[in-house]
Amino acid sequence: MNRAVPAPPPWLPTAPCTPGRRCAAHPDPAPATGTGARTVSPPLACARLAAGLATVLLGVALLPAAALLPAAGRLALVRLWARAVVRAFGVRLAVTGVRPPAGGPALVVANHVSWLDIPVVAAVLPGRMVAKREVRGWPVLGPLAALGGTLFIDRDGLRRLPGTVREAAGALAAGGRVVAFPEGSTWCGRAGGRFRRALFQAAVDTGADVQPVRIGYRPQGAAAYVGEDALGASLWRVVRTPDLAAEIRILDPIPVVRHPDRRRLAAAAYRAVASDSANRPPPSVHHRASSNPAAASSARTPS
């Protein structure tokens, strides 16, 4: 006899995107035959998967040494490591927009498409990540996130949410950067969710600017990690996809003084990210990141 699956709490963020829907349709894993999607060879995919996981594990090994570095050196090391993770999995990274000055507090908020979002953001704007509690249980990535100081949100336990907000505020007050995905759940990229307001209270309490960014992938379906998608299946899909490109678009920062409560602040950040999605064309998959923000391309991929 099958046990009934309890309904999720009404406040839990959910997205209609699932691997089987058109909005998040994943490529056919079959080799190119003229009828299926083009994919890389299994040996190359296995090499990418091994390289990606090895690079993630290298990050675990470097954590004790990184803890001894000053904050600037630690962030630089995280940035280099995250770039290496993204590249090892066969993903090309493009950065557009102007990076904010180093050393100042900021609440970085982004749309959420995939587990890849975490290393993509860390490769450009490293900081303390905010993630759902379930991430802690992921193989390899979960322990690494915990060791890296990730703030875990228990989405089922609203009574614990104020404590997470206080932790985020503490990190901002100390001059750090906090990275959050306020949609609360992954979306396929063609659609997105409203930004939840709770974490914006940390910026209001500390006066830290909100730094919106937009993440996009090309092709869209390959990177989307939505619904009941399995992490292993998503990893395999990523490494089998040729010319998978990720772009992070750095948008104009939003000063708290212009939006002095979390409702208006969250709405302003959502408008910035959603407007960027609607108004920018997709980039070429061969576009590469520039180390000079002023010379960065203005193209982007919708996610």
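Which residues are buried in H8? They are Leu231, Ser234, Leu235, Arg237, Val238, Val239 and Arg240, where buried means under 20% relative accessible area, exposed means over 50% and partly exposed is in between (1.4 Å probe, protein chains only). A quick note before the rest: this is a predicted model, in which local features need pLDDT of at least 70 and side-chain atom pairs count only at pLDDT 80 or more, while totals for chains, interfaces and linings use all residues. Residues are numbered from 1 along each chain as its sequence is written, and side-chain values use heavy atoms, with hydrogens and water left out.

**Helix H8**

- H8 covers residues 231-240 and is mostly covered, with seven of its 10 residues buried.
- Helices (H or I, at least four residues) and strands (E, at least two) are DSSP runs, numbered from the N terminus.
- The cover over the buried residues of H8 includes helix H1 (42-66), strand S1 (91-96), helix H7 (220-223) and strand S7 (244-250), going by contact, meaning heavy atoms within 4.5 Å.

**Salt bridges**

- You'll find two salt bridges here, each being a side-chain nitrogen of Lys or Arg within 4 Å of a carboxyl oxygen of Asp or Glu.
- One joins aspartate 229 to arginine 237, with the closest N and O atoms 2.6 Å apart.
- Aspartate 229 counts as buried at 13% relative accessibility, and arginine 237 is buried too, at 11%.
- Aspartate 261 and arginine 264 make a salt bridge as well, at 2.7 Å from N to O.
- Here aspartate 261 is partly exposed, with a relative accessible area of 26%, and arginine 264 is partly exposed at 46%.

**Aromatic pairs**

- There are three aromatic pairs; rings of Phe, Tyr and Trp (its six-membered ring) pair if their centres lie within 6.5 Å, and planes under 30 degrees apart count as stacked, over 60 as edge-to-face and the rest as tilted.
- Phenylalanine 89 and tryptophan 115 have ring centres 5.5 Å apart and planes at 75°, so this pair is edge-to-face.
- Phenylalanine 89 sits in the loop between helix H2 (71-88) and S1, and tryptophan 115 in the loop between strand S2 (106-110) and helix H3 (117-122), so the pair ties together parts 26 residues apart in sequence.
- Both phenylalanine 89 and tryptophan 115 are buried.
- Phenylalanine 195 and phenylalanine 200 have ring centres 6.4 Å apart and planes at 25°, so they are stacked.
- Phenylalanine 195 counts as buried at 8% relative accessibility, as does phenylalanine 200 at 1%.
- Phe195 and Phe200 form one aromatic cluster with Tyr270.
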